Amino acid sequence: MSNLQDKMFLELRNKALFKQVQDYSFEYLESVLERNVYPTEEALENLSVFDEALPLLTSKPENVLEQLHTYGSPATTATLGGRYFGFVIGSVVPVGLAAKNMATYWDQAPGLNVLSPIGSKLESVVERWLVELFGLPEKTCAGFVSGTSVATLCGLAAARYRILERNNWDINKQGLRNAPQIRIVTGTQAHSTVVKAVGMLGLGQENIEWVDVDDQGRIRADLVPEMDENTIVVLQAGNVNSGSFDDFETICKKANEANAWVHIDGAFGLWAGAVEKLKHLTKGSELASSWAVDGHKTLNTPYDSGIVLCSDEEALKAALHASGSYLVKSKERDGLFYTPEMSRRARIIELWAIMKYLGKEGIDEMVLTMYERANQFADEIREIDSFYVDNDVVFNQVLVRCDSDELTEKVLSTIQELRECWLGGSEWKGKKVMRVSVCSWTTTQKDISISVNSFKKALEIVLK
Ligand SMILES: *Cc1c(COP(=O)(O)O)cnc(C)c1O
């Protein structure tokens with residue numbers, strides 16, 4: 001037997017191997033829009049073929065790929081298609097998928113300019129594009145991370161650094177023990193990842209000053225406590241259930257007068273600011289100090305793609321990299337100063353490709369279409385007796401319920417079993433609801449009608 005290195009050199013030059021994957025991919029793309037949205041029972045049972053001990057011997061790569069295709073593909077959820085309404089899940093703009101493919105072969109790590117000049121270049125370019133698109137302060141910088149969870153962690157770390165620094169306290173050197181107290185103010189509907197970040201940063205979840213919300217889940221601006229320069233306020237662009245937006249203008253103005261730090265969790269909602277007809281929703285958001293937003297939700301980039309934006313570049317960099325770093329900054333952008341990781345994949349490539357392809361008009365049209373489809377859904381479902389829409393559909397989220405929690409839950413599980421569309425449940429104003437999130441460019445008017453029909457079918461089955 002030849003040695004492993006020789007074998008792998010042959011494989012690297014084996015076009016058939018890479019073509020095999022391409023053929024599988026085309027097959028997948030051809031069926032994913034039409035097929036069952038959730039895997040069948042059979043596909044789920046077949047996953048047991050993966051339950052094996054680590055093989056002793058090296059095998060044929062084509063067999064590895066074949067196993068993945070045969071048993072892996074059918075056990076995916078069709079999130080690329082137009083009838084996946086669970087969580088807040090984007091599809092992928094085709095050019096992004098193709099660009100990611102190319103980037104896969106490049107296998108770049110854009111932490112340092114010398115490590116990936118192309119990665120570094122695209123990060124600087126997209127940083128400027130985002131700042132302009134969202135109308136943020138000119139000095140705002142961006143870090144390209146895995147998602148909004150990490151982006152929020154970074155934004156709050158920058159806030160923590162700056163607030164303590166103003167108190168002559170170096171968080172990196174002195175830690176939190178005996179440090180001046182930082183106040184956290186947020187709405188009772190803040191996303192769980194905000195609470196998680198507060199915990200991870202040692203700020204203490206019990207220290208959160210919770211502010212009541214209105215009937216759409218928006219923080220009550222009139223109930224926000226007096227802020228001061230040691231306060232971090234976390235606001236929300238896009239409530240994960242109702243899709244509502246906080247009153248940024250009122251709260252940010254007050255916060256700025258008090259020299260408090262405002263962080264906005266805009267995972268999917270910040271993109272409303274890029275749409276002419278919807279940008280009233282994010283009015284005043286530019287007055288914050290940091291923002292977290294996803295590419296992989298509303299913009300429909302591949303996973304994993306999140307962005308932290310921060311108008312205090314020094315604070316973000318200091319928070320993510322303790323001083324005395326041996327990594328001397330080059331003249332060009334060194335991405336690792338803006339993220340917690342040193343090594344990470346060049347997710348910027350597909351983010352750039354999608355923004356370059358869509359342009360401002362394309363982004364506007366794509367996001368507005370999601371809003372229109374969500375409203376189509378709400379309009380069609382309201383036509384059916386015993387379904388109620390429980391939120392104002394201001395963006396892409398629709399909350400639907402039946403007359404009782406029990407009925408809502410039964411209908412939801414029946415919809416899931418029908419597999420024509422997929423969505424999850426939540427609780428809204430003390431009642432069980434079915435949560436419809438329209439976040440995919442692939443969702444057509446027909447997809448909405450098929451899905452509404454699935455709701456109707458499920459109700460009939462349950463009531464029978
Ligand atoms: C999805 C989401 C998050 C978390 O983002 P990830 O990209 O999954 O890490 C945070 N906040 C809101 C409002 C979200 O919708």
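## Isoleucine 307

Isoleucine 307 sits in strand β7, residues 306–310. Strands here are DSSP runs of E with at least two residues, and helices are runs of H or I with at least four, numbered from the N terminus. The model is predicted: local features need pLDDT of at least 70, side-chain atom pairs count only at pLDDT 80 or more, and totals for chains, interfaces and linings use all residues. Residues are numbered from 1 along each chain as its sequence is written, and side-chain values use heavy atoms, without hydrogens and water.

Isoleucine 307 is buried, at 0% relative accessible area. Buried means under 20%, with a 1.4 Å probe and protein chains only. Its contacts (heavy atoms within 4.5 Å) include Leu130, Phe144, Trp291 and Leu351, leaving out residues up to four places away in sequence. Aspartate 294 is 13 residues from isoleucine 307 in sequence and 6.0 Å away in space, C-alpha to C-alpha.

## The largest pocket

The largest pocket has a volume of about 1,100 Å³. A pocket is an open set of points on a 1 Å grid over the protein atoms alone, where a 1.4 Å probe fits, with protein on both sides within 12 Å along at least five of seven lines; lining residues have an atom within 4 Å of a point. The volume is the space filled by probe spheres set on the points, which are joined across faces, edges and corners.

The lining of the largest pocket has 34 residues. Helix α2 (15–32) gives the largest share, nine residues.

## The second largest pocket

The second largest pocket holds about 260 Å³ of space. Of its 16 lining residues, Leu133 and Lys279 are among the closest to its centre.

Notes. Buried means under 20% relative accessible area, exposed over 50%, partly exposed in between (1.4 Å probe, protein chains only).
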